[in-house]
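Welcome, and take a moment to bring the model up on your screen. We will walk through it together, one stop at a time.

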Amino acid sequence: MKESLLILKNRSFLFFWLAAWASTLADAVFMLGVSWLIVDTIGSGLIMGTFLLIMGVVRSAFMLVAGVYVDRMSPMLLMNLSLVARAVMMGGLMLFLAFGELNTWLLYGLAALFGFVDAFFLPSAAAARQRLVPEEQFTQSNALLLVASQVSMILGPVAGAFLVALGGYQVMFGTIAVAFLVALFLLSIVRLLPITSDEEEATTEPEQKKSYWQEVGEGFRYVWNTPIILTSIVVAMMVNAGVSVLTVALPFLADELQVGVEGLGVMTSGMGVGGAIGAILFSLWVIRRPTPQMNLTACLIEGLAIMALCMVSGPWVAAVLLAITGITTTAINVIAPSVNQSIIPKAMFGRVISVMMLAMNGSIPISQALSGYLVDSLSIWQVFLFGGLLEAGAAFIAFFLPAIRNYGKEQTNSAHVSMR
């Protein structure tokens, strides 16, 4: 235990971790608030799905651009600019709701702006995490950051429901803006480890100044030349499509069960409870040899839990099943990023991770839009069944694919990537 706590003596990691608490809590409140705002004022699964589709499409469209600039500039600078933009958007939405009326085009515009900001924030945060701690602390640092994320999933929905009941949506979005500004202040104290001369090997022509497209090409070539990466990306697309139905379907499950925003908070918090348990476990348990099979096992269990949601009759049963998905998601998000951080060269991490994120997350907005359509045309029960079957089926089949089956049998330079 004493050795496990040494990481908190790293001042930069400590303040980065505190900033993660503030920003992830704000994100959790925002997702609860905006989803319930759509259900409460518009009541359309199609609008919910297309809101998430626009956010995802814009994020994907700018992801490769962001990856290049993460490597060219400071990841911390891009994270700070992203937090400023988020705070301004939340403040603007608060003022609009106070003096105007919500409409579909405003929601779509908000989705596009958030997608653009996320495109820069996500690879910047991933690159920053790689340079916060030495390699032997990668697993533990990722687990501690997931503690912040998962606990925020518990507190965020509850806090969001409380803020809406206290002062309406304006108070909630105003509070979110303040939380983003707190995260901005905490990040200003963080200093990243420098990139050494040995780590400049990431570029094939270090003395030649490259164009934007040449730098993007390096990221694609790195991904393309490793079979385990290509296999894992394809599987991850199916897995992510399956689990992403929860974002759309859960608010309508709360409406179907007639439990309101409070019931939605209970169910969403269940996922956070499971995630927090898993994050604490992995904060103390160091995995020295993570493998793709570990990820696939977690994905299989998660898919079965999602399928079981089609049979629930109350929010507490749903919360238990979602707690299982929280634990499995934590397992995936601790193991795989740690391996990525130890393999990908620091000098090109932004480009490689942006290519991976673009490919693996490309199925999410499509799945969410389709889920919204199925909610309106069929029912939420079929949505859970189809989503869980897709994830569990993809994970099961992947166990027998050559790149997964043969992983670890030979010592190669191949990379092992995230299932998310």
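Let us begin with M79, a buried residue whose relative accessible area is 3%. Please keep in mind throughout that this is a predicted model. M79 has its place in helix α3. If you look for P123, you will find it 44 residues away from M79 along the chain, with 9.3 Å between the two C-alpha atoms.

Helix α3 covers residues 75–99, and it packs with helix α5, residues 138–187, at an angle of about 165°. The axes of the two helices are 8 Å apart. The crossing of α3 and α5 is left-handed. What kinds of residues make up the contact of α3 with α5? They divide into 19 nonpolar, four polar and one charged.

Helix α8 (residues 245–256) and helix α9 (residues 260–284) have axes that come within 8 Å and cross at roughly 140°. That angle makes α8 oblique to α9. As for handedness, α8 and α9 form a right-handed crossing.

Now let us turn to the aromatic rings. How many aromatic pairs does a search of the whole structure find? The search turns up seven. One of them is formed by F30 and F114, a stacked pair with 4.5 Å from centre to centre and 10° between the planes. Are F30 and F114 buried or exposed? F30 is buried, and F114 is buried too. Ring pairs also bring in F173, so that F30, F114 and F173 are linked into a cluster.

Stay with helix α4 for another pair of rings. A pair of aromatic rings is described by the distance of the centres and the angle of the planes. For W105 and Y108, the centres are 6.0 Å apart and the planes stand at 85°, so this pair is edge-to-face. W105 and Y108 are three residues apart in helix α4, which means that about one helical turn separates them. Their surroundings can be compared as well. W105 counts as exposed, because its relative accessibility is 70% and the label applies over 50%. Y108, in turn, is buried, with a relative accessible area of 16%.

The charged end of R72 sits over the ring of Y69, at 5.7 Å from the ring centre. Over the ring of F121 sits the charged end of R86, 4.7 Å from the centre of that ring.

R131 lies in the loop between α4 and α5. Is R131 buried or exposed? At 16% relative accessibility, R131 counts as buried, because buried means under 20%. R131 and R191 are 60 residues apart in sequence, and their C-alpha atoms are 9.0 Å apart in space.

Next comes G219, which you can find in helix α6, residues 212–224. The relative accessibility of G219 is 0%, so G219 counts as buried. Between the C-alpha atoms of G219 and A127 there are 14 Å, and along the chain these residues are 92 residues apart.

The last stop is A298, placed in helix α10, which spans residues 292–308. A298 has 7% relative accessibility and therefore counts as buried. From A298 to L144 the separation is 154 residues in sequence and 19 Å in space, taken from C-alpha to C-alpha.

Notes: Residues numbered from 1 in each chain as written. Predicted model: local features only at pLDDT ≥ 70, side-chain atom pairs only at ≥ 80, totals over all residues. Heavy atoms only, no water. Phe/Tyr/Trp six-rings, centres within 6.5 Å; stacked < 30°, edge-to-face > 60°. Buried < 20%, exposed > 50% of the residue type's maximum accessible area, 1.4 Å probe, protein only. Helix = DSSP H or I, 4+ residues; strand = E, 2+ residues; numbered from the N terminus. Lys NZ or Arg CZ within 6 Å of the ring centre and 35° of its normal. Axes fitted to C-alpha atoms, helices over the stretch in contact; angles between N-to-C directions. Left-handed = near helix turned anticlockwise from the far one by under 90°. Nonpolar A, V, L, I, M, F, W, Y, C, P; charged D, E, K, R; others polar. Parallel < 35°, antiparallel > 145°, perpendicular 65-115°, else oblique.
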